[in-house]
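Open the model in your viewer and keep the sequence panel beside it. Have residue selection ready.

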Amino acid sequence: MNNIHLSNDGSGQTHMFTSFPESHQDELVHENLDSEQGTSFLEDNTLSSKAYSVWQIEYYQKYFNINTSDFASRVIGSMVPTFGQNSLLNKIRANPDLYGPFWITTTLICTIAIGGNIVSFIQNFGKDYTWQTDFHKVTSSAFTIVSYSIIIPAILYVIMRSRQARTEMEFVEILCIYGYSLTVYVPVSILWLINISLMQWILVIMAIILSGSVLFITFWPAISQDQSRNVIPFKSSIVQLFKFYFEVFKIALGLMSAILILNALLGIGFMLFFFHYPSPGNKITVATTLSSVITNNTKA
C-alpha cells in the first residue's frame with residue numbers, strides 16, 4: 001500500500017514515507033493468490049504433458065465429447081445427403097466422435113433383432129406352431145453390423161493410406177462416417193414390421209439410396225483425387241497421360257463401386273434374412289408334400 005506522509009521529528013527535518021508495512025491480512029491474501037496461480041500453472045503443465053495410450057480408457061474420452069445439437073446435426077446430415085458439398089465430413093472433421101456411431105449401431109442391432117422376431121411371430125400367429133424367441137437373430141445382427149462398421153472402414157483406411165490419397169482421412173473419421181451412415185436403417189427396420197412385400201422392397205431401396213448417397217458424397221472426393229502422388233515424366237505423351245489418369249479413375253471407380261455394393265448387400269440382407277422369409281409352417285407343409293410324393297413314387 002503506497003502513500004505519502006510528512007512528519008517532523010523535532011529536529012527541524014521533515015521525513016517522507018512513501019509506503020507502509022503490510023498488515024498480516026494483506027500478506028495472507030497475497031500468499032493465497034500466489035499459491036492458486038502456482039497450482040493452476042502446475043495443473044496446466046501436467047494436463048498438457050499427460051499423454052494417454054490407446055490401451056487406456058482416458059484416451060477415448062475425447063471421442064465421446066459431443067453435445068446434443070452436434071449429434072442431431074450429424075444424424076440429419078447422414079439421412080439427408082447434400083449434393084455439391086460434403087456436409088457430413090465437414091461436420092465430423094472438426095470433432096470426430098464415436099458416441100453417435102456406438103449408439104446408432106447398438107440401436108440398429110436391437111431394432112433388427114427384435115423386429116425380426118416380431119415379424120416371425122406375426123407370420124405364424126394362429127397357426128399350429130409353437131413360436132419361440134430366436135436369440136440367434138441378436139448375435140447374427142450384432143456380428144453383421146459390427147463387422148460392417150469396423151472391418152470395412154479398416155480396409156478402406158488401409159487402401160487409402162497405401163495409395164496416399166490427397167484428401168487424407170483418419171481412421172476415426174471413417175469409423176464415424178460409417179456409423180452415422182447406418183442411421184437411416186433404424187426407422188426403416190421399424191417400418192419393415194409391416195408385412196407387405198412391395199412396401200418392404202421400396203423401403204430397402206430408399207434406405208440403400210440415401211445411405212449410399214452419403215457414402216458417395218463423403219468418400220468420392222478423397223478417392224477420385226487419389227493419384228498415389230506418382231511423379232509423371234515430364235516428356236510423357238498425351239496417350240501416356242490418358243492411360244495414367246484412366247487407370248487412376250478405374251481404380252477409384254472400382255473402390256467406390258465396392259463401397260456402394262457392400263452397402264446395398266447390407267440393406268438387402270437385413271430385409272431378406274430378418275423380415276422377409278417363409279414361416280416354419282410353410283416349411284412343414286412343403287416337407288410333408290415332398291415326402292408324400294416320394295412315398296407314392298416308391299409304391300408305384
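This is a predicted model: local features need pLDDT of at least 70, side-chain atom pairs count only at pLDDT 80 or more; totals for chains, interfaces and linings use all residues.

Numbering starts from 1 along each chain as its sequence is written, and side-chain values use heavy atoms, leaving out hydrogens and water.

**Stop 1: α8.** Select residues 197-224, helix α8. Helices here are DSSP runs of H or I, at least four residues, numbered from the N terminus. α8 has 28 residues and reaches 38 Å from first C-alpha to last, close to the expected 40 Å; that expectation is 1.5 Å times one less than the number of residues. Now pick T218: α8 bends there by about 35° (the angle between axes fitted to the seven residues ending there and the seven starting there). P221 follows within four residues.

**Stop 2: the core.** Select Y178, Y185, W192, F219 and F270. Of the 45 residues in the largest nonpolar core, these touch the most other members. Such a core joins buried Ala, Val, Leu, Ile, Met, Phe, Trp, Tyr and Cys through side-chain atoms within 4.5 Å. α9 (238-275) gives the most to this core, with 10 residues.

**Stop 3: Y157.** Find Y157 in helix α5 (residues 136-162). Its contacts (heavy atoms within 4.5 Å), not counting residues up to four places away in sequence, are M169, E170, F171 and I174.

**Stop 4: cysteines.** Select C176, buried at 0% relative accessible area, then C110, partly exposed at 41%. Buried means under 20%, exposed over 50%, partly exposed in between (1.4 Å probe, protein chains only).

How values were computed
Helices (H or I, at least four residues) and strands (E, at least two) are DSSP runs, numbered from the N terminus.
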